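Good morning, and thank you for coming. I would like to take you through several local features of one model; please have the sequence and the structure open.

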Amino acid sequence: MRVLCLDIEGGFGGSSRSLYESLRFIGPDFCPEVWCRKAGPAQQRYSQLDIPSVVHTDMPHISSLPLLSRNLFIYYKFAANWRRTSNFRSELAARSDTDFDLIHFNHEGLFLLAQWLRRALGSRITMTAHVRTHLPENAFTRWQYRGLANAVDGTVFITEMERNRVRRLVGKDVVGKVIYNIVSNDDDVIPCLELQADTRFKIASTSNFAYVRGTDRLVDVALELKKMSADTRFLIVVAGHSKLTGRMPGQLGEIATRGGTLADYAEARGVGHMFKFLGHVPDTRPYVSGCQALLRPSRGNDPWGREVLEAMALGVPVVSTGKYNRFVEDGVTGVLRSTFDAGDFAAALIRLADDQSLQESLGQTARFRVQGLCNGPDRAAELSRFWSSVVERKTKQ
């Protein structure tokens, strides 16, 4: 089966890395090709697998945002730039019609491109999509999910939560399958030597700054640790872009308007000494491996992102927010709270720091859980069976 996969991140983000892992383990009955919107580490990785990979920087993508004003702005900008993508769309339509049996849209942000290709080629082409992110529940997301569901012949969801949300917003069942992201065995990861030299209890965060990801809450937790006279015991290691963006309340918003960063915010709150900001790093695993916990206080209450799974695979317990406990299970593989409370999170971190046996038990159970649910051969086999079933069903129509 000849499969074209469209990737918007080029190896820099979780959706791109997850696609790579799937194709790394895909069976010999499949002949994949990958088109990336960004040049990045993905091209070298695919080259090592003898999988063709090319970069198309004009690949159009868009996803809904929480605020009405931001949605109106990004969709206006998208419409203004649509004509500039005509060469890419023409090549995609021509190649899809002659060279591929299946087109896989690796991110729901490609929904308008999927709709366009469906109109261009009609039933001649078979298409699937991946729903990978936890979008805000609003009219724009509902339109996005409905457009994607109507354009493609099948959808892959990374957890049951994405599937349930799409069903709820679309208003009907959607043809698809839940397939957990693949996380490779990380026994060969060498912890960062620089971090090992620091004797403090180290807490990792590997999210680029976004208000919905709750990255600013790291500062709230640090403040609570300081109130408990524990600020000298902890180091929060932030791997990711920390420039503040968007409209945010209070001092955070004031610093953002001046072009500041999360580091500036931490300094302004008096806890800068508790942080180490690394900026973007190509591979976060050596840094996470050098830490004793990963903190993900997301406002989206989604404790199942790739950073969570990678930390668990390294045997690092995760402290997060949400109710979905397939991966992070409170007291079993980490610490899970239904709502965020900075004082409660700080107390949980102190308990981990004071009880090394608890920390090791949670980490070991986390590693075993991810090895069972996210192993490469099984999940890639699920994807290959799903792709085959979609193509078979389409040919019988």
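In which loop is Asn375 found? Asn375 is located in the loop between helix 15 (356–373) and helix 16 (376–396). Helices here are DSSP runs of H or I with at least four residues, strands are runs of E with at least two, and both are numbered from the N terminus.

A word on the source. This is a predicted model, in which local features need pLDDT of at least 70 and side-chain atom pairs count only at pLDDT 80 or more, while totals for chains, interfaces and linings use all residues. Residues are numbered from 1 along each chain as its sequence is written, and side-chain values use heavy atoms, with hydrogens and water left out.

To return to Asn375: why does it count as buried? Its relative accessibility is 18%, and buried means under 20% relative accessible area, exposed over 50%, and partly exposed in between, with a 1.4 Å probe and protein chains only. A polar atom of the Asn375 side chain lies 3.3 Å from the backbone oxygen of Gly372. Leaving aside residues up to four places away in sequence, Asn375 touches Ile182 and Val370, where contact means heavy atoms within 4.5 Å.

Ser229, in the loop between helix 9 (217–227) and strand 9 (234–239), has a positive phi of about 60° although it is not a glycine. Ser229 counts as exposed, at 61% relative accessibility. Asn301 belongs to the loop between strand 11 (293–296) and helix 13 (306–313); its phi is positive too, near 50°. With a relative accessible area of 32%, Asn301 is partly exposed.

Next, the region around strand 6 (154–157). Strand 6 pairs with strand 5 in the parallel sense over four bridges; two strands pair if DSSP finds at least two bridges between them. Among these bridges, Thr128 has Gly154 as its partner. The chain passes from strand 5 through helix 6 to strand 6 in a right-handed β-α-β crossover. Right-handed means that, with the strands pointing away from the viewer, the path from the first strand over the helix to the second runs clockwise.

On to strand 7, which runs parallel to strand 6 and is joined to it by three bridges. Phe157 has Val178 as its bridge partner in strand 7. The crossover from strand 6 through helix 7 to strand 7 is likewise a right-handed β-α-β crossover.

Helix 7 (residues 160–170) has Glu160, Glu162, Arg165, Val166, Leu169 and Val170 as its buried residues. Their cover includes strand 5 (127–131), helix 6 (139–151), strand 6 and strand 7 (176–178). At the N-terminal end, Thr159 caps helix 7, with a side-chain oxygen 3.1 Å from the backbone nitrogen of Met161. Gly171 follows helix 7 and has a positive phi, near 90°.

Finally, helix 14. Buried residues of helix 14 include Ala342, Phe345, Ala346 and Leu349. An α-helix has 3.6 residues a turn, so residues three or four places apart point the same way.

Technical notes:
A polar contact is a pair of N or O atoms within 3.5 Å; within protein, one must be able to donate a hydrogen and the other to accept it, and residues adjacent in sequence count only if both atoms are side-chain atoms.
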